[in-house]
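Have the viewer ready and follow along.

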Amino acid sequence: MCGIIGYSGKREAAEVLLEGLRNLEYRGYDSAGIALFTQTGLKTYKAQGRLSQLEALLGDRLPDGQCGIGHTRWATHGAPSDVNAHPHASGKVTLVHNGILENYMDLKEILLNKGRIFTSQTDTEVIAQWLDEEYGKTPDPMAAICRTLKVLRGSYALGILFADHPGALYAVRKDSPLIVGLGQGENFIASDVTAILPYTRDYLLMEENEIAVVTPERAGLFTQDGQPFTREASHADWDISAAQKGGYAHFMRKEIDEQPHALEATLSPRLTGESIDFSADGVEDAFLSDFRSIQIVACGTAMHAGLIGKHLIESLARIPVSVNIASEYRYSNPIVGRDDLVIIVSQSGETADTLAALRLAKACGARTLAIVNVVGSSIAREAERVLYTYAGPEIAVASTKAFSVQMAMFYLLALRIASLSGTLSAKAAAVYVEKLKKLPRMVEDTLKAAGSCKEAVSDLVNASDLFYIGRGLDNCLCMEGSLKLKEISYLHSESYAAGELKHGAISLITEKVPVIAVATQPELLEKMVSNMREVKARGGFVLALCRAGSVIPEDAADRVIYLPDSVEEDLFAPLAAIVPLQLIAYEIAVLRGCDVDKPRNLAKSVTVE
Ligand code: M6R
């Protein structure tokens, strides 16, 4: 969603801000803007559309100045437009905002009664005007910010400039991430670390209700009452190349290829000898034992990884698991308490619905365990225990490598929980551990066969509807394959449990409607073949995805993609099978001329409910 970058130092701020915004583009946005202190005062430039629109507005000669703020906006209040784009200014105050001000109507009413005039439809302008009102009473930035924070309700990360304090950046964080980047003679603020990676990997994490004051020489933290305090700096392990395309046409394609490496990085630290060990993560065996049920809560792709997790835990450990869509969790009056383990899954660790579900589970007394990719993110910090996936930065909006490592974490968890609950012997666990070690290689082999996916898409690209069918683990994968296709290619698709198709949706299968049938589980193959034949009998086009050596009769499928021989174990087949599904979605999106990495209307991290 929205992105924030701020700079104070000796470089040309406009260049730093534009580069920071480019690095934040992946979050999704519809307009962009910057404000900076120039020789002739504080100037704001903003434009609806892609960054190129803002660059065109700025022209060849960028405005001079060494301190400023920048923003990419994803519209919530007020349509995408030049006027609604950030920064917003009022009197001496100019600011950018991520999040949603919930009581903006009430505050706006008060300001309107004072005779203030609004130029935009945003909630953000209300903050700018309120802060300016306070600043008018006492021209002390910190005092004005502290007083303003007392009335704001909602989520906000703010980057603020005061026209009469050139060179100083002010920042505030509540329920929306913000960090302070630490350089030599220069400092930054940013909504995520990728924006500042070209300059520094050292940063201060801002916690809830904290204020930062940033100048070239100092980056100070303050409580919401303006009291200074210090915090140890964090260091990002991600380097800039991880956040660059490195010769690939799209981040998504690069991230698909990075899956073997991400799996290795996630699996190997937890595989010790013949068993699985989370003690280095601070997740002790007692934490993974003795509960009534497990509830997995997540959104989108992370929720699909949770569906795989349910299947694994239930079949290996025989403990009941429910998978919950985070946005529904709070409103479903969940039966959750101290006897339950709630597993929260999130790549970004900032998804608002998932974070809210975590807070509810904690409030109900449940044990909470987060599976998160972004170190230090809100979910990682608030959950009782955290297991980090080590996928590195995922830039493309469509999640690929994060999904694979989330699945990998569920393999580890399911096997460990099964060992602890006594449903898996030490000997059987040791056999699985050996197989886990081979998974990165298995995915690498699958990637080598990428060419077959490219060929297969010629049969699918012109469709207007497409179906995915599968059973068991394959059904979960189908949901993910379908989501991937929809979000990046805008081709309508649906995922159906293969046996459920004939209970309604089969009426949509007519001449040449493509159906991708995922059939990687030998004991379900026969049933899947019957379902494929049902489709073929209605004139549909079947593309089957199955294991090497599977026999698919000619009358059941028009084309077959085979996984490599190294996919030996039924349980681990999803890690390989997801690759062709990701590639098919990618290739179709490319052929349809879509903006693969930044699909319309979507944001990488959904930080509003
Ligand atoms: O950062 P999170 O894992 O919490 O994000 C959850 C979903 O928003 C995310 O997986 C979304 O569905 C992706 N765009 C799917 O590719």
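In which sense do β1 and β4 pair, and over how many bridges? The two strands are antiparallel partners, joined over 6 bridges. Strands here are DSSP runs of E with at least two residues, helices are runs of H or I with at least four residues, and both are numbered from the N terminus. Two strands count as paired if DSSP finds at least two bridges between them.

A word on the source: this is a predicted model, in which local features need pLDDT of at least 70, side-chain atom pairs count only at pLDDT 80 or more, and totals for chains, interfaces and linings use all residues. Residues are numbered from 1 along each chain as its sequence is written, and side-chain values use heavy atoms, with hydrogens and water left out.

**The whole protein**

The secondary structure comprises 18 helices and 27 strands. For 609 residues, a compact globule would have a radius of gyration near 25 Å, and the protein agrees with that at 26 Å. That radius is taken over C-alpha atoms, and the globule rule is 2.2 Å times the number of residues to the power 0.38. Along the principal axes, the C-alpha atoms fill a box of roughly 80 × 55 × 45 Å.

Of the 609 residues, 60% are buried; buried means under 20% relative accessible area, exposed means over 50%, and partly exposed lies in between (1.4 Å probe, protein chains only). Among contacts (heavy atoms within 4.5 Å) with a separation of 6 or more, 72% link residues 24 or more positions apart. The protein exposes about 22900 Å², and carbon and sulfur atoms supply 50% of that area, computed by the Shrake-Rupley method with a 1.4 Å probe.

**The sheet around β1 and β4**

Back to our opening pair. An open sheet of 8 strands runs in the order β3-β2-β4-β1-β10-β9-β11-β15, with antiparallel pairing. At its edges stand β3 (41–48) and β15 (234–235), each with a single partner strand, so one side of each has no neighbour in the sheet. Strands of a sheet pair through backbone hydrogen bonds, either parallel or antiparallel.

Strand β1 (residues 3–8) has 6 of its 6 residues buried. Gly 3, Ile 5 and Tyr 7 point one way from β1, while Ile 4, Gly 6 and Ser 8 point the other way. In β4, Gly 70 stands opposite Ile 5, and Cys 67 stands opposite Ser 8. On the β10 side, 4 bridges join β1 to that strand (residues 187–190) in an antiparallel run, where Ala 190 is the bridge partner of Ile 5.

Strand β4 is largely enclosed by the rest of the structure, because 7 of its 7 residues are buried. Cys 67, Ile 69, His 71 and Arg 73 point one way from β4, and Gly 68, Gly 70 and Thr 72 the other. Strand β2 (residues 31–38) is joined to β4 (residues 67–73) by 6 bridges, again antiparallel. His 71 in β4 stands opposite Gly 33, and Gly 68 in β4 is the bridge partner of Leu 36.

Ile 417 sits in helix α12 (residues 401–421) and is buried, at 1% relative accessibility. Beyond its neighbours within four places in sequence, Ile 417 is in contact with Leu 288, Phe 291, Ile 294, Ala 317 and Ile 319.

Gln 347 lies in the loop between β20 (340–346) and α10 (352–363), and with 12% relative accessibility it counts as buried. Leaving aside neighbours within four places in sequence, the contacts of Gln 347 include Val 372, Glu 394, Gln 406 and Lys 604.

**Backbone points to check**

Most residues other than glycine have a negative phi, and most peptide bonds are trans.

What kind of peptide bond joins His 86 and Pro 87? The bond is cis, with omega about 0°. Pro 87 belongs to the loop between β4 and β5 (88–90).
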